[in-house]
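The following note sets out points for a colleague who wishes to check the model. Please read it beside the coordinates.

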Amino acid sequence: MKYIQLSFLLLLATTTLLTSSCSGTATANHADSTAKTSKLSEIFLSDPCVLADDATNTYYMTGTGGKIWKSNDLENWTGPIDAVEHDKSSWMGEKPEIWAAELHKYKGRYYYFATFTNNNIKIDTVAGNIIPRRASHILVSDSPEGPYKPIGNNDYLPAGKPTLDGTFWVDTDGKPYMVYCHEWLQNLDGTIEKIQLSADLSAPVGESAILFRASDSPWSRDDSPNIDKPNKVTDGPWLFRTRTGRLGMIWTSWIKDIYTQGVAYSESGSLNGPWVQEANPITPPNVGHGMIFRTFDGRTMLSAHSHLRAADGRYIRNPRFFEINLSGNKLELTDSIGIPR
């Protein structure tokens with residue numbers, strides 16, 4: 001949800017406000033009068049993330065906007081349900097934008113990883129772009145529907161560093177980590193980084209470390225005319241292991257003006273890498289910001305959003321599900337249509 005220049009960000013903000021899925025902020029209200037049952041294809045949502053919760057035998061989907069939908073069959077979804085109770089007295093303010101939310105179950109509790117943006121706070125200006133306060137943060141709940149509330153008062157990353165798309169991973173050392181993007185608007189070559197978390201995920205431990213940069217990708221290309229160079233954007237990391245134990249990461253960038261998702265693999269089998277990028281993307285054009293989950297009937301699915309531009313210039317983003325195969329040594333897409341059928 002971030003490219004090609006500030007005009008793109010403004011278009012995204014406009015699209016977000018126009019869709020029922022993206023409210024910018026939320027307070028928990030599970031009797032939300034706007035909740036209804038919709039087909040997956042009728043939902044407008046960026047960065048869809050699905051938690052298949054064994055405890056309730058229910059699928060919960062969230063994404064940009066801080067809302068939740070729930071389903072028993074992956075096709076009919078009830079929502080949106082307000083899920084987030086952020087600290088309004090914090091730097092986030094009354095109505096922060098909420099981007100790229102994820103649901104993770106860990107040690108019996110439910111965690112909400114999300115990017116919060118307060119456009120009223122400016123932290124930097126780089127290459128003429130004014131950068132607002134934006135940070136990956138973690139909230140917690142005892143229920144998959146929320147309400148999700150702050151674990152503590154800690155910032156996970158420095159206030160002067162715009163970070164986004166935080167995801168969760170327990171590495172080979174048994175310790176929990178947040179993996180996130182340091183935004184290209186500041187560093188001009190977006191990175192994917194890691195930082196260790198405390199045992200209850202309430203605070204960072206130590207310093208962050210870079211896993212790889214956008215320019216490491218062989219498939220991403222910048223849209224500058226007459227120049228062939230890698231794109232600068234890193235977006236939407238998600239970690240997975242194949243059945244053989246190989247550690248991989250899906251992430252998204254661009255090929256010119258086409259939103260595109262690729263994959264990298266760690267040669268060490270841990271977050272430490274080194275990370276080797278696959279030569280080719282793994283999803284169809286204009287599909288990206290993916291995550292992986294297992295259905296209750298045993299299928300492995302990749303959830304992502306379509307990135308299509310309407311005639312009036314707005315971006316239309318719908319959740320898309322693809323069946324994938326992780327039984328070998330790498331991720332393979334086996335159903336390019338996905339759900340709904």
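1. Accessibility terms. A residue is called buried under 20% relative accessible area, exposed over 50% and partly exposed in between, with a 1.4 Å probe and protein chains only. By this rule E85, at 26% relative accessibility, is partly exposed.

2. Basis of the note. The model is predicted: local features need pLDDT of at least 70 and side-chain atom pairs count only at pLDDT 80 or more, whereas totals for chains, interfaces and linings use all residues. Residues are numbered from 1 along each chain as its sequence is written, and side-chain values use heavy atoms, with hydrogens and water left out.

3. Overall content. The chain contains 2 helices and 23 strands; these are DSSP runs numbered from the N terminus, helices being H or I of at least four residues and strands E of at least two. Of its 341 residues, 58% are buried. Among contacts with a separation of 6 or more, 55% are between residues 24 or more positions apart, a contact being heavy atoms within 4.5 Å. The chain exposes about 13500 Å², of which carbon and sulfur atoms supply 49%; accessible areas come from the Shrake-Rupley method with a 1.4 Å probe, and for residues only the protein chains shown count as cover.

4. How many of the residues of strand 3 (residues 58-62) are buried? The count is 5 of the 5, so the strand is largely enclosed by the rest of the structure. T58, Y60 and T62 point one way from strand 3, while Y59 and M61 point the other way. In a regular strand, side chains alternate between the two faces of the sheet. Strand 3 pairs with strand 2 (residues 49-53) in the antiparallel sense over 5 bridges, where pairing requires at least two bridges found by DSSP between the strands. Within this pair, L51 has Y60 as its bridge partner. Strand 4 (residues 67-71) also runs antiparallel to strand 3, joined by 4 bridges, and here W69 is the bridge partner of M61.

5. Turns with positive phi. The hairpin of strand 2 and strand 3 has 4 residues between the strands. In its turn N57 has a positive phi of about 55 degrees, in a residue other than glycine, and N57 is partly exposed at 47% relative accessibility. The hairpin of strand 3 and strand 4 likewise has 4 residues between its strands, and G65 in that turn has a positive phi of about 120 degrees. K256, which is not a glycine, has a positive phi of about 60 degrees; K256 lies in the loop between strand 15 (247-255) and strand 16 (258-266) and is partly exposed at 35%.

6. An open sheet is formed by 4 strands in the order 18-19-22-23, with antiparallel pairing. Strand 18 (287-294) and strand 23 (332-335) are the edge strands, each pairing on one side only. From one strand to the next the twist averages 40 degrees; axes are lines fitted to C-alpha atoms, for helices over the stretch in contact, and angles run from 0 to 180 degrees between N-to-C directions. Within the sheet, strand 19 (residues 300-306) and strand 22 (residues 319-325) pair over 6 bridges, and L302 stands opposite F322.

7. Salt bridges. The structure holds 15 salt bridges, each defined as a side-chain nitrogen of Lys or Arg within 4 Å of a carboxyl oxygen of Asp or Glu. One of them joins E85 and K149 at 3.5 Å, N to O. E85 lies in the loop between strand 5 (76-82) and strand 6 (97-106) and K149 in strand 9 (residues 149-150), so the pair ties together parts 64 residues apart in sequence. K149 is partly exposed at 40%. R221 and D228 also form a salt bridge, with the closest N and O atoms 2.9 Å apart; R221 is buried at 19%, whereas D228 is exposed at 63%.

8. The loop between strand 8 and strand 9. E145 lies in the loop between strand 8 (129-141) and strand 9 and is buried at 17% relative accessibility. Its side chain makes a polar contact of 2.9 Å with that of K70; a polar contact is a pair of N or O atoms within 3.5 Å, where within protein one must be able to donate a hydrogen and the other to accept it, and residues adjacent in sequence count only if both atoms are side-chain atoms. P147 is in this loop as well, and the peptide bond from G146 to P147 is cis, with omega near 5 degrees.

9. A further cis peptide. G79 and P80 are joined by a cis peptide bond with omega of about 0 degrees, and P80 is placed in strand 5.
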